[in-house]
Amino acid sequence: MSGELRFVNQKHKPIKIGSVEVGKDFLIVAGPCAVESEEQLLKTARFVKQYGAHLLRANVFKPRTSPYSFQGLGKEGLEIVKRVKDEVRMPVVIEVLHPRDVEEVCKVADVLQIGARNMQNFPLLEEVGKTDKPVILKRGFCATIREWLCAAEYIMKEGNFKVILCERGIRTFVRETRFTLDLASVVVVKKKSKLPVIVDPSHAAGLSDLVIPLAKAAKAVGSDGIMVEVHPNPSTALSDARQQLNFEMFERLMRELND
Ligand code: PEP
Ligand code: MN
């Protein structure tokens, strides 16, 4: 295995996102599942920034299981993200689904996201590898740790060493949660690579009341940060309504993480 892992094992320059140095500071990524309107994103951005988030989730292309579900605002959504980012002065992470969109997304995004469903989309990995943006690489929900680290190699072999891994749960026989959060993977990838790794308890659990305990557990096992979904009114969300934190819960999460 080690022969095929070249770049993930090397020490690279620290990744800076705004004023935060990933790996040194505990990175807080927060924001809605999807951008739904300017008002929704602006409200959320202001709130999560005030309570300590460093990076705003601002997804406009949504990879949905059903093609008939809300797919995101698409390119028009990028205009909203740009205005909100300038107004709130906060870096944004945007998921990119297709190699042809990478260039346009890079005009607005400070950080790119590769979603779980695209972890082995090799042309997409190579395309983001040609950019100079940090990339949050989510673990595919059926991916082994070796496959995840090899996906990081696809990005890094193109010259982009700013890869942040994100554990977001894997598929198991457990039905009470949406996925099973594999916290051991955080410890394992830290042994097998020098890459920073953050945890997304929102998509792992699928239920908002599990997010705070799982986020604290992620910090306890040594993750370099968390990514959580926050919405001004989760029950009306156009995607992932059951797992998004409301503002009060986000405030509590931030308080308890710092206890
Ligand atoms: C997301 O973070 O918006 C997302 C779709 O998550 P995942 O790719 O982990 O399912
Ligand atoms: Mn979501």
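A polar contact here is a pair of N or O atoms within 3.5 Å. Keep that cut-off in mind for the first close-up of this predicted model.

**Figure 1. Ligand 1 and the residues around it.** Eleven names make up this view: R57, N59, K62, E95, Q113, G115, A116, R117, K138, R168 and H203 surround ligand 1. Sorted by type, the shell comes to 1 nonpolar, 4 polar and 6 charged residues.

**Figure 2. Polar side-chain atoms that meet oxygens of ligand 1.** R168 puts a polar side-chain atom 2.6 Å from a ligand oxygen. For R57 the corresponding distance to an oxygen of ligand 1 is 2.8 Å, and for K62 it is 3.0 Å. How much of ligand 1 does the protein bury? On its own the ligand exposes 300 Å², and the protein buries 96% of that.

**Figure 3. The D200–K138 salt bridge.** Here we look at a pair whose side chains meet with an N to O distance of 2.6 Å. D200 sits in the loop between β9 (197-199) and α7 (201-205), while K138 belongs to strand β7 (residues 135-138). The two are 62 residues apart, so to speak a link between distant parts of the chain. Buried or exposed, D200 and K138? Both D200 and K138 are buried. K138 also turns up among the residues surrounding ligand 1.

**Figure 4. E104 and K75, a bridge between two helices.** The side chains of E104 and K75 form a salt bridge, 3.6 Å from N to O. E104 lies in helix α3 (residues 102-106) and K75 in helix α2 (residues 75-88), so the pair ties together parts that sit 29 residues apart in sequence. E104 counts as partly exposed because its relative accessibility is 33%, and K75 gets that label at 39%.

**Figure 5. K157 and E158, a salt bridge between sequence neighbours by number.** The closest N and O atoms of K157 and E158 are 2.5 Å apart.

Notes
Residues are numbered from 1 along each chain as its sequence is written. Chains are lettered from A and ligands numbered from 1 in the order in which they are written. This is a predicted model: local features need pLDDT of at least 70, side-chain atom pairs count only at pLDDT 80 or more; totals for chains, interfaces and linings use all residues. Side-chain values use heavy atoms; hydrogens and water are left out. A residue is near a molecule or strand if one of its heavy atoms lies within 4 Å of it. A polar contact is a pair of N or O atoms within 3.5 Å; within protein, one must be able to donate a hydrogen and the other to accept it, and residues adjacent in sequence count only if both atoms are side-chain atoms. Accessible areas come from the Shrake-Rupley method with a 1.4 Å probe; for residues, only the protein chains shown count as cover. Ala, Val, Leu, Ile, Met, Phe, Trp, Tyr, Cys and Pro count as nonpolar, Asp, Glu, Lys and Arg as charged, and the others, Gly among them, as polar. A salt bridge is a side-chain nitrogen of Lys or Arg within 4 Å of a carboxyl oxygen of Asp or Glu. Helices (H or I, at least four residues) and strands (E, at least two) are DSSP runs, numbered from the N terminus. Buried means under 20% relative accessible area, exposed over 50%, partly exposed in between (1.4 Å probe, protein chains only).
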